[in-house]
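Subject: Structure handover and notes

Dear colleague,

I am passing on the structure that you will find just below, followed by an account of what was found in it. Please read the notes with the structure open beside them.

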Amino acid sequence: MRLSARNKIPARVVRITKGEATANVELDAGGVRLVASITVEAADELALREGSEVLAMVKASDVMLGLET
């Protein structure tokens, strides 16, 4: 697989919660929790299951940072 995305994060699927159109896929990326919202159709096509090893790819025009004061 060759992609232009530079932020590739290896992760394991921990939980999948499917709605009517959207599936929230909870990931464990080396102890960091990530949640991807994808279509149910995509989740089914990828045959995602708990324990699946995946590559989370992030491509965004904005990254927000916060600091508690």
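The secondary structure of the protein chain amounts to 1 helix and 4 strands, where helices (H or I, at least four residues) and strands (E, at least two) are DSSP runs, numbered from the N terminus. Followed along the sequence, the chain shows the pattern β-β-β-α-β. Before going further, please keep in mind that this is a predicted model, in which local features need pLDDT of at least 70 and side-chain atom pairs count only at pLDDT 80 or more, while totals for chains, interfaces and linings use all residues. Residues are numbered from 1 along each chain as its sequence is written, and side-chain values use heavy atoms, with hydrogens and water left out.

As to overall dimensions, the C-alpha trace spans about 40 × 30 × 25 Å along its principal axes. The accessible surface of the chain comes to about 5800 Å², of which 52% belongs to carbon and sulfur atoms; such areas come from the Shrake-Rupley method with a 1.4 Å probe, and for residues only the protein chains shown count as cover. Of the 69 residues in the chain, 19% are buried, where buried means under 20% relative accessible area, exposed over 50%, and partly exposed in between (1.4 Å probe, protein chains only).

The largest nonpolar core has 10 residues, namely Ala11, Val13, Ala23, Val25, Leu27, Ala29, Val40, Ala43, Leu48 and Ala56; a core of this kind is a set of buried Ala, Val, Leu, Ile, Met, Phe, Trp, Tyr and Cys residues joined through side-chain atoms within 4.5 Å. Two or more residues of this core are given by each of strand E1 (7-18), strand E2 and helix H1 (40-45), and the largest share, 4 residues, comes from E2. One member of the core, Ala11, is in contact (heavy atoms within 4.5 Å) with Leu27, Asp28, Ala29, Ser52, Glu53 and Val54, leaving aside neighbours within four places in sequence.

Strand E2 also holds Glu26, which counts as buried because its relative accessibility is 16%. Not counting residues up to four places away in sequence, Glu26 touches Arg12, Val13, Val14, Arg15, Arg33, Leu34 and Val35.

Thr17, in strand E1, is partly exposed, with a relative accessible area of 46%. With residues up to four places away in sequence again left out, Thr17 touches Thr22, Ala23 and Asn24.

In the loop between H1 and E4 lies Ala47, whose phi is near 55 degrees, a positive value in a residue other than glycine. Most residues other than glycine have a negative phi. Ala47 counts as partly exposed, because its relative accessibility is 41%.

Finally, the largest pocket is lined by 15 residues, of which Leu27, Ala36, Leu55, Ala56 and Met57 lie nearest its centre. The residues of this lining divide into 15 nonpolar, no polar and no charged, where Ala, Val, Leu, Ile, Met, Phe, Trp, Tyr, Cys and Pro count as nonpolar, Asp, Glu, Lys and Arg as charged, and the others, Gly among them, as polar. Strand E2 (22-29), strand E3 (32-39) and strand E4 (53-58) each supply at least two residues of the lining. A pocket here is an open set of points on a 1 Å grid over the protein atoms alone, where a 1.4 Å probe fits, with protein on both sides within 12 Å along at least five of seven lines, and lining residues have an atom within 4 Å of a point.

With best regards
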